[in-house]
Amino acid sequence: MHLLVVDAHRGAQPAPQHSHKSEVRLAEHIDKSGDLTRAGADALVAAVEAVRKEADELDCDELLAFATSAMRDASNSGPVLKRVAKEAEVSLNVLSGEEEARFTFLAVRRWFGWSSGNLSCLDIGGGSLELAAGTDEQPAQAYSLPLGAARLTREWFTGDPPSKDEIARLVEHVGALLEKPADRLLDAGPPDRVIATSKTFRTLARLAGAAPSSAGPRTRRVLTRTGLIQVHAFISRMASADLAELDGVSVGRAHQVLAGAIVAAGAMDALQVEEVELCPWALREGVILRRLDWLDGS
């Protein structure tokens, strides 16, 4: 759960004023029947209520509340959302995978500008991978695939670290799912720039030698295919507890970094690119920017 407070108006850059994160890890509370467990629903309600109270204390004018793949996947999302609305007093808007891809693409386009030409955008989340491409603010192609780092870790790995066979099977699975969407993204021609967003890509880039977050959001960061191969070889032999000790790897996400690296490598291979640039803006900023576009400035 991430509360991002910005001070902005139409036509202005949304300047962050406050940020607060709390771990809920909803995807790990989906049971075998596809339902979000009672414990997961309780955690969600508590987290949303805490965010609403914090937003009230900060005197926010408007709260844009949305959920992504974990709530899309939960077969009992309807009753859970009603609980959130009643008990936490917040109406959560569940975004579709395509909406995620489109909002993220908008944020990337605004960050890099029109001079970036034909953009391709990759975003690895916990439950899904979003891909989008185009020359405008709205992508010509947008896809969401069930290739999130947390989902794949949960569904494909049994050991920590996983076995070579498990890794090989996941690599094959990722490549198969990416083949057709990547071909469609490339139908409009090779991208002028391929941009990556999300904590997973930032972690992988940091492990490959990119500048730390302390260098600021405007510092150029790239992740090369060669660097990713080296990172993959290194972390595939490490337990998540050891991986969490490395600079740039959070304790809560350490267990899913390897699956994220496999998805990142598969996407770069499918799009036939040797490097991706990182963008500090992603889904949240895209939602904010679109909302600001709708304001009349009064």
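Which residue in E10 does Thr-224 stand opposite? Glu-275 is the one; the notes below start with the ground rules and then get to that sheet.

1. Ground rules. This is a predicted model, where local features need pLDDT of at least 70, side-chain atom pairs count only at pLDDT 80 or more, and totals for chains, interfaces and linings use all residues. Residues are numbered from 1 along each chain as its sequence is written, and side-chain values use heavy atoms, with hydrogens and water left out.

2. Overall build. The chain comes to 11 helices and 10 strands; these are DSSP runs numbered from the N terminus, with helices being H or I of at least four residues and strands E of at least two. For 298 residues, a compact globule would have a radius of gyration near 19 Å, and the chain agrees with its 19 Å. That radius is taken over C-alpha atoms, and the globule rule is 2.2 Å times the number of residues to the power 0.38. The C-alpha trace spans about 50 × 45 × 35 Å along its principal axes.

3. Buried residues make up 48% of the 298 (buried is under 20% relative accessible area, exposed over 50%, partly exposed in between, with a 1.4 Å probe and protein chains only). Take contacts (heavy atoms within 4.5 Å) between residues at least 6 apart in sequence: 69% of them join residues at least 24 apart.

4. The sheet. Six strands make an open sheet with mixed pairing, in the order E7-E6-E5-E8-E10-E9 (two strands pair if DSSP finds at least two bridges between them). E7 (141-145) and E9 (222-224) are at the edges with a single partner strand each, so one side of each has no neighbour in the sheet. From one strand to the next, the twist averages 20 degrees.

5. E9 and E10 (residues 275-278) run antiparallel and are joined by three bridges. Back to the opening pair: Thr-224 faces Glu-275 there. Helix H10 (residues 257-270) lies across E5 (119-124), E6 (129-134), E9 and E10, at about 160 degrees to E5. Axes here are lines fitted to C-alpha atoms, for helices over the stretch in contact, and angles run from 0 to 180 degrees between N-to-C directions.

6. H4 against H11. The axes of H4 (residues 97-112) and H11 (residues 283-294) come within 7 Å and cross at roughly 80 degrees. That makes the two helices roughly perpendicular (65 to 115 degrees; under 35 is roughly parallel, over 145 roughly antiparallel, the rest oblique). On the H4 side the contacts include Phe-103, Leu-106 and Arg-110, and on the H11 side they include Val-287, Leu-289 and Asp-293.

7. A buried arginine. Arg-151 is in helix H5 (residues 149-156). Its relative accessibility is 13%, so Arg-151 counts as buried. Leaving aside residues up to four places away in sequence, Arg-151 touches Asp-73, Gly-126, Gly-127 and Pro-146.

8. Backbone spots to look at. Most residues other than glycine have a negative phi, and most peptide bonds are trans. Arg-25 has a positive phi of about 50 degrees; Arg-25 is in the loop between E2 (15-21) and H1 (38-57) and is partly exposed at 35%. Ser-198 has a positive phi of about 100 degrees, sits in the loop between E8 (193-197) and H7 (199-207), and is buried at 8%. The peptide bond from Asp-160 to Pro-161 is cis, with omega near 5 degrees, and Pro-161 is in the loop between H5 and H6 (164-186).
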